[in-house]
Amino acid sequence: MSTIAFIPARANSIKKPKKNIKKINGLPLIDYSVRFAKTLNFVNDIVISTDDKKILTMYRNKSFIKLFK
């Protein structure tokens, strides 16, 4: 059985648009979720669900992440 880390990253949040790509300490907010998911030994796949073109571009060539639009 495989375990999936599912990261929802909507582009236009109602209160804070584009918050997932805003940088905190030099890293986009979504990168913190991805880095944490990579540290979990029981996670087999990381899936990012997004409609944000910048996030799609950021993670398009990463072999350890699957994108879902």
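Arg35 and Asp31 form a salt bridge, with their closest N and O atoms 3.2 Å apart. A salt bridge here is a side-chain nitrogen of Lys or Arg within 4 Å of a carboxyl oxygen of Asp or Glu. By this rule the count comes to 3 salt bridges. This is a predicted model: local features need pLDDT of at least 70, side-chain atom pairs count only at pLDDT 80 or more, and totals for chains, interfaces and linings use all residues. Residues are numbered from 1 along each chain as its sequence is written, and side-chain values use heavy atoms, with hydrogens and water left out.

**Salt bridges**

- Both Arg35 and Asp31 sit in helix α1. They are 4 residues apart, about one turn of the helix. Helices (H or I, at least four residues) and strands (E, at least two) are DSSP runs, numbered from the N terminus.
- Asp31 is buried, at 13% relative accessible area, while Arg35 is partly exposed, at 47%. Buried means under 20% relative accessible area, exposed means over 50%, and partly exposed lies in between (1.4 Å probe, protein chains only).
- Asp45 and Lys66 also meet through their side chains in a salt bridge (3.2 Å, N to O). Asp45 belongs to strand β4 and Lys66 to strand β5, so this pair ties together parts that are 21 residues apart in sequence.
- Asp45 is partly exposed at 22% relative accessible area. Lys66 counts as partly exposed too, at 44%.
- Asp52 and Lys18 make a salt bridge at 4.0 Å, N to O. This pair links distant parts of the chain, 34 residues apart: Asp52 is in the loop between β4 and α2, and Lys18 is in the loop between β1 and β2 (23-24).

**The Asp52 and Lys18 site**

- The loop that holds Asp52 runs between β4 (45-50) and α2 (53-59).
- Asp52 is buried, with a relative accessible area of 2%. Lys18 is partly exposed, at 36%.
- Leaving aside neighbours within four places in sequence, Asp52 is in contact with Ala11, Lys18 and Ile21. Contact means heavy atoms within 4.5 Å.
- Lys18 has a phi near 60°, a positive value in a residue other than glycine.

**Helix α1**

- Ile30, Asp31, Val34 and Ala37 are buried in α1. They cover an arc of only 125° around the axis, which puts them on the same side of α1. The arc is that of the directions from the helix axis to the C-beta atoms.
- An α-helix has 3.6 residues a turn, so residues three or four places apart point the same way.
- The buried residues of α1 pack against β1, β3 (27-28), β4, α2 and β5 (65-68).
- Phe36 and Thr39 are exposed, on the face of α1 turned away from its buried side.
- Tyr32 lies in α1 (residues 29-39). Tyr32 is partly exposed, at 34% relative accessibility.
- Not counting residues up to four places away in sequence, Tyr32 touches Ile24, Asn25 and Leu27.
- Tyr32 and Arg60 are 28 residues apart in sequence and 17 Å apart in space, C-alpha to C-alpha.

**Asn25**

- Asn25 is in the loop between β2 and β3. Asn25 counts as exposed, at 76% relative accessibility.
- Asn25 has a positive phi of about 55°, although it is not a glycine.

**Strand β1 and its surface**

- Side chains alternate along β1. Ala5, Ile7 and Ala9 point to one face and are buried.
- β1 and β4 pair in the parallel sense over 6 bridges. Two strands pair if DSSP finds at least two bridges between them.
- Ala9 has Thr50 as its bridge partner in β4.
- Phe6 is found in β1 (residues 4-9). Ile4, Phe6 and Phe68 make a nonpolar surface patch of about 340 Å².
- Patches are made of residues with over 30% relative accessible area and no salt bridge; like charges are joined within 9 Å, nonpolar side chains (Val, Leu, Ile, Met, Phe, Trp, Tyr) within 5 Å. Accessible areas come from the Shrake-Rupley method with a 1.4 Å probe, and for residues only the protein chains shown count as cover.
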